[in-house]
Amino acid sequence: MWPALTNALTPAGVNALVNAGHTLFVQKSAGEGSGFSDEQYVRAGAKIIDSADDVWAEGDMIVKVKEPIAPEYPRMRENQLLFTYLHLAPEFELTKQMMDRKVIGVAYETITDVHGKLPLLTPMSEVAGRMSVQVGATYLEKMNGGRGILLGGVPGVPAANVVIIGGGVVGTEAAKMAVGLGAKVTIIDRSLERLRQLDDIFLSKVQTLASSRYAIEEAISHADLVIGAVLVVGAAAPKLVTRDMLHLVPSGAVLVDVAVDQGGCFETTHATTHSNPTYFEEGVLHYCVANMPGAVPRTSTFALTNATLPYALDLANKGFERAIAEDRGLREGVNTFAGKCTYEAVAASQNIEYTPLDSLLDGSRSASAS
Ligand SMILES: NC(=O)c1ccc[n+]([C@@H]2O[C@H](COP(=O)([O-])OP(=O)(O)OC[C@H]3O[C@@H](n4cnc5c(N)ncnc54)[C@H](O)[C@@H]3O)[C@@H](O)[C@H]2O)c1
């Protein structure tokens with residue numbers, strides 16, 4: 001079993017909170033997977049606590065990476081602020097526990113920035129996008145099941161064809177890596193606006209294509225590596241490469257579906273883990289790991305802390321109500337409060353009552369939201 005190693009805060013992040021006057025408790029060995037020792041956290045000003053039970057008992061605010069699992073439920077207590085990826089929509093029991101225990105649940109994945117984007121999802125998409133080419137190159141090696149092609153070719157030998165479906169954060173980072181390695185890169189997106197931006201970024205180094213079944217069939221029939229990177233916010237990924245299209249893919253080509261966490265954009269995708277990452281469908285190698293950043297926990301912890309720390313500082317310095325009153329995007333992160341579900345999409349997906357956060361807060365404070 002591959003452990004979830006990514007840690008929630010680097011020693012530098014801990015130090016920033018300590019310097020702001022807060023007391024930081026770090027669970028013993030929590031940073032080991034990311035390469036941070038207990039001594040580094042102590043030097044940064046944290047107190048090391050042996051057991052998870054005690055960390056939860058001490059902390060007014062708990063900063064994590066993944067959502068709580070069943071053994072953690074009894075540790076949650078009233079008015080404790082939980083700041084982490086929650087992904088509550090499919091997690092009825094966790095949502096119920098957080099409501100019953102009146103935990104303040106602020107979910108990384110629903111916080112928005114001034115452009116309406118999701119700033120705490122971006123770092124993980126950057127990591128996964130860059131990794132997708134790295135793993136694709138590895139599985140293209142003959143002994144790993146691929147067709148034995150070097151992405152960049154060599155002088156006198158053509159480079160590999162990399163097709164990226166979806167040109168958002170994942171797709172752009174994948175393209176940077178593939179271009180950097182010398183591959184021939186095609187990016188397919190349904191947004192013409194996005195294709196124009198990609199054309200400006202990469203100039204003639206990538207080919208951009210408007211998304212259609214025809215364009216995808218044509219592109220994958222010459223592909224050595226196909227990367228699935230689409231997202232339709234709030235919906236399952238559309239199945240853009242169907243099972244009956246796989247006979248078009250050259251023998252030994254590799255499919256990497258980064259969009260697997262939204263069900264995948266290949267019909268033949270099913271989620272895999274780092275301990276058993278690949279499988280063959282219709283003779284085509286698929287890599288569909290749902291938690292790709294978990295393979296590079298050190299990079300991922302730095303990337304996550306860079307993005308979460310300003311919010312963690314705001315919450316700790318100002319207190320929950322003032323922090324969310326002054327930052328509408330942070331307020332979007334509040335999924336549970338005072339025993340209610342305060343995020344409409346989560347409530348809708350679980351068929352439970354949705355309570356607008358404003359109706360639960362002191363009117364004067366919520367009215368001042370910017
Ligand atoms: N497996 C992992 O470890 C991992 C890690 C991070 C992100 N992800 C997932 O990767 C996916 C992409 O994330 P992102 O941050 O790049 O999203 P994004 O919103 O930045 O980009 C998605 C792109 O898909 C495009 N798109 C939507 N429908 C399309 C269609 N029919 N044809 C072509 N393009 C289409 C959009 O126009 C957009 O440009 C998401 O599902 C995300 O959850 C997975």
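Contact here means heavy atoms within 4.5 Å. Helices (H or I, at least four residues) and strands (E, at least two) are DSSP runs, numbered from the N terminus. The model is predicted: local features need pLDDT of at least 70, side-chain atom pairs count only at pLDDT 80 or more, and totals for chains, interfaces and linings use all residues. Residues are numbered from 1 along each chain as its sequence is written, and side-chain values use heavy atoms, with hydrogens and water left out.

**View 1**

Two strands pair if DSSP finds at least two bridges between them. Strand 5 (residues 104-107) and strand 13 (residues 334-337) run antiparallel, joined by two bridges. Val106 has Val334 of strand 13 as its bridge partner.

**View 1. Val55 sits in helix 3 (residues 52-58).**
Val55 counts as buried because its relative accessibility is 14%; buried means under 20% relative accessible area, exposed over 50%, partly exposed in between (1.4 Å probe, protein chains only). Leaving out residues up to four places away in sequence, Val55 touches Val26, Gln27, Ile49 and Ile62. Phe25 is 30 residues from Val55 in sequence, yet their C-alpha atoms are 6.5 Å apart.

**View 2. Thr355 lies in the loop between helix 12 and helix 13 (363-367).**
Thr355 has a relative accessible area of 9%, so Thr355 is buried. Residues up to four places away in sequence aside, Thr355 touches Lys340, Cys341, Thr342 and Leu360.

**View 3. The second largest pocket holds about 240 Å³ of space.**
A pocket is an open set of points on a 1 Å grid over the protein atoms alone, where a 1.4 Å probe fits, with protein on both sides within 12 Å along at least five of seven lines; lining residues have an atom within 4 Å of a point. Grid points are joined across faces, edges and corners, and the volume is the space filled by probe spheres set on the points. Helix 11 (328-331) and helix 12 (344-350) are the elements that give two or more residues to the lining. Lining residues include Arg328, Arg331, Glu344 and Ala345. Val334, Thr342 and Tyr354 are also among them.
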